[in-house]
Amino acid sequence: MPGIMRPKEPREYKLRVFVVCTFFLIVLMISLTYVYHQQYLLKMMQLSLGDRIRFGENNRHLHISNADKQIVLTAMLGTQLTTNELPRNCPTDASINETACLEWNHWAKLHIVPFSKSRSSTCYQLQWESKRDGLTLQDCFTLSNAFWYGIGEHTPQLWPMNFLETNHTLLVTGNLSNSVFGHVLNRYWLSSKGLAILAQSNMSLRVTFDYDISRQLCLIVNPSLKLEHPVLNYTLCVGSDAKDVHRHVAESMRTKRIRPEKLDLAMGNIVWSTLQRFDVKINGSQLLNFTESLRTFEQDHSPRVLILDSQWQSVDGDLVFDEQNFSNVKEMTNILHNRGYSLILRVHPYVSTASHNYYQYIGDNLWVRDITGKVPSLVRWNHLVSSVVVDFTNNKAVEWFQSKLKNLHEQFRVDGFQFDGGEATSLPPYPTFTGGLQSENDYADLYNKIAIDSGLAFSLGVVSQLHCHLPAFTELSSRQSVWGLPRGLRSIIPAVLSTGLVGYPFTLIGPVGGYAVSSGRPDRELFVRWLQVAMFFPILQMSVLPSDYDDEVTSIAVKCIQFRRTVVLPKLQDATDEFVASGAPIIRPLWWLAPNDTNAHDIDSEFLVGSDLLVAPILEPHSDQRDIYLPPGLWTDREGYVHKGGKWIYDHRSSLSKVAYFIRMPELRQ
């Protein structure tokens with residue numbers, strides 16, 4: 001009948017339902033297949049890289065997790081690769097147990113190799129190889145929600161280093177007066193989350209460190225005239241906490257750790273130097289009179305070290321004693337030896353253009369030349385307005401320098417040398433060497449090798465790699481005779497903690513009180529508070545006599561030195577043995593005892609000698625009190641009172657004659 005709808009047949013209705021259900025089932029199966037495929041690819045990638053490291057091929061994001069499956073690092077790799085193509089697998093090297101090799105066609109190649117593994121820590125080595133002209137290699141790591149430590153000496157000297165700002169800065173040794181980085185460096189960063197980054201030394205490496213805005217650490221290698229296709233090579237390690245991963249890194253490096261040859265002599269007694277007291281010029285009579293006054297002050301005539309770091313040459317680069325000021329050097333050294341002093345001379349690789357050596361050897365390519373390679377390149381260094389740099393890539397220059405040192409040792413019985421200088425920033429711009437150098441820091445490494453090969457190295461002024469096997473002390477940049485940052489008393493504890501953490505525990509911090517050339521000697525209160533810090537370090541170096549002030553300062557100094565010998569020295573010796581065995585720092589941060597304690601990670605004015613002596617000195621002028629944080633445990637103060645750790649002691653008083661220290665009770669030591 002027209003106008004009346006005919007009811008649908010049951011068969012037609014069922015057919016439509018079947019089609020709809022089939023459609024949704026197909027969509028569901030496709031979706032599940034896609035999800036399963038993606039999970040399978042991710043699972044296969046995780047299996048190929050290990051259970052703690054995950055890499056996304058499409059965005060080049062790397063995620064590293066700890067043993068608890070918590071992500072401790074997110075990294076953006078190859079940030080300068082502008083290609084959107086996915087990488088292809090390249091052949092892995094079975095001889096080195098390579099885990100993954102990925103190649104972006106005509107751009108770069110990335111290798112990921114397992115480095116070492118323990119119960120709680122794992123390391124991976126990552127290496128980029130550029131395949132494209134002009135390509136900058138750059139990997140960036142997130143810094144958020146963690147405390148960061150490392151590098152060594154920098155300005156301002158912050159601990160932790162979270163608010164140190166560098167932007168594409170060349171990571172090379174320099175002078176803190178005009179450079180971000182100082183004399184003692186290692187390309188090592190450590191996170192409180194249990195992550196460590198160690199960059200290889202044979203690269204011209206730039207660093208961006210910005211915790212405030214981008215919150216990133218970036219490692220950057222630029223192409224250069226010498227290296228069109230650069231390589232970026234570093235190691236990532238993850239552990240349960242900062243202490244755990246740091247110890248694993250120290251063990252994995254397998255670097256032989258030994259004591260400096262004169263450690264017992266220097267650690268057991270005061271190391272005396274002349275520069276702070278006599279400024280630049282000094283003569284033989286002044287030196288002998290100085291040692292006589294030292295004998296009166298110390299009253300202990302056991303062997304000790306005397307550093308002649310004032311001007312002992314007529315002209316820098318002569319490398320012979322100034323005959324006018326030192327008329328009878330052999331007699332002088334005999335008297336010093338009879339008084340129990342080992343004489344150490346300060347030397348450096350700079351030759352003044354006023355030196356006769358400069359003109360005598362100008363045609364033998366003993367000096368670093370300019371970009372043309374034809375004439376010596378002139379530089380300024382410290383007080384030298386015009387000087388050249390010894391070219392240690394030239395064997396003739398090495399032989400000349402070594403012969404000068406040998407003559408000083410054999411003819412005048414000089415006991416050793418303080419090898420100063422060699423900073424990368426003090427080299428000429430665009431230098432030409434007889435031999436090649438891979439990075440800016442290589443010059444200091446050559447210089448240090450010559451120093452060690454001489455068998456006469458007391459200390460090295462510039463170090464840029466982990467050289468724990470070198471039998472010599474290292475030196476911080478000179479400290480100023482002021483209280484605060486960037487290079488005063490307040491900077492010393494962060495500097496010692498930082499350099500010790502990156503592998504240099506035997507560090508000379510300079511004479512007590514710092515250098516006060518304009519005022520003649522350090523402020524009285526500053527001198528005492530400085531001494532109360534330095535007395536706990538492996539080497540106590542002095543130049544100004546306490547008796548130059550008054551009887552009270554002399555009395556305080558005598559008590560400090562006696563306390564060092566009876567209480568501090570045995571703990572330093574135990575901590576030294578532990579360093580040789582495991583790589584643990586001698587002077588340690590508070591978080592060494594409490595790796596998960598936020599308060600301990602953020603303290604830069606206290607330190608540990610070994611693991612059971614905590615020191616909390618006064619670091620502010622006109623003050624006799626401060627707040628002190630004690631890590632968990634029971635601690636005994638200098639008066640014998642017991643304090644429960646894991647909390648603050650507020651307004652703890654320490655008069656000028658006292659320094660606050662606490663000893664951890666034996667039953668709780670680890």
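The dialogue below goes through the chain, a core, a sheet and a pocket.

Mentor: Keep in mind that this is a predicted model, in which local features need pLDDT of at least 70 and side-chain atom pairs count only at pLDDT 80 or more, whereas totals for chains, interfaces and linings use all residues. Residues are numbered from 1 along each chain as its sequence is written, and side-chain values use heavy atoms, with hydrogens and water left out.

Trainee: How many helices and strands are there in the protein chain?

Mentor: Helices (H or I, at least four residues) and strands (E, at least two) are DSSP runs numbered from the N terminus, and the protein chain has 13 helices and 34 strands. Of its 670 residues, 57% are buried, where buried means under 20% relative accessible area, exposed over 50%, and partly exposed in between, with a 1.4 Å probe and protein chains only.

Trainee: Which residues have the most contacts inside the largest nonpolar core?

Mentor: In soluble globular proteins, nonpolar side chains tend to be buried together. A nonpolar core is a set of buried Ala, Val, Leu, Ile, Met, Phe, Trp, Tyr and Cys residues joined through side-chain atoms within 4.5 Å. Here the largest one has 149 residues, and F321, F419, F536 and F607 have the most contacts inside it. Helix α12 (residues 551-582) gives the most to this core, with 11 residues. A second, separate core of 47 residues includes A108, M203, F209 and L217.

Trainee: In what order do the 8 strands of the open sheet lie?

Mentor: Two strands pair if DSSP finds at least two bridges between them. The order is β25-β24-β23-β22-β18-β17-β16-β26, with parallel pairing. Strands β25 (507-508) and β26 (541-542) stand at the edges with a single partner strand each, so one side of each is left without a neighbour in the sheet. Within the sheet, β16 (residues 271-273) and β17 (residues 304-308) pair in the parallel sense over 3 bridges, and the bridge partner of S273 in β17 is I307.

Trainee: Which residues lie nearest the centre of the second largest pocket?

Mentor: Rolling a probe the size of a water molecule over the atoms shows where empty space is left. A pocket is an open set of points on a 1 Å grid over the protein atoms alone, where a 1.4 Å probe fits, with protein on both sides within 12 Å along at least five of seven lines, and lining residues have an atom within 4 Å of a point. The second largest pocket is lined by 36 residues, and L275, R346, N382, S478 and Y515 lie nearest its centre. Helix α4 (residues 275-278) supplies the largest share of that lining, 4 residues.
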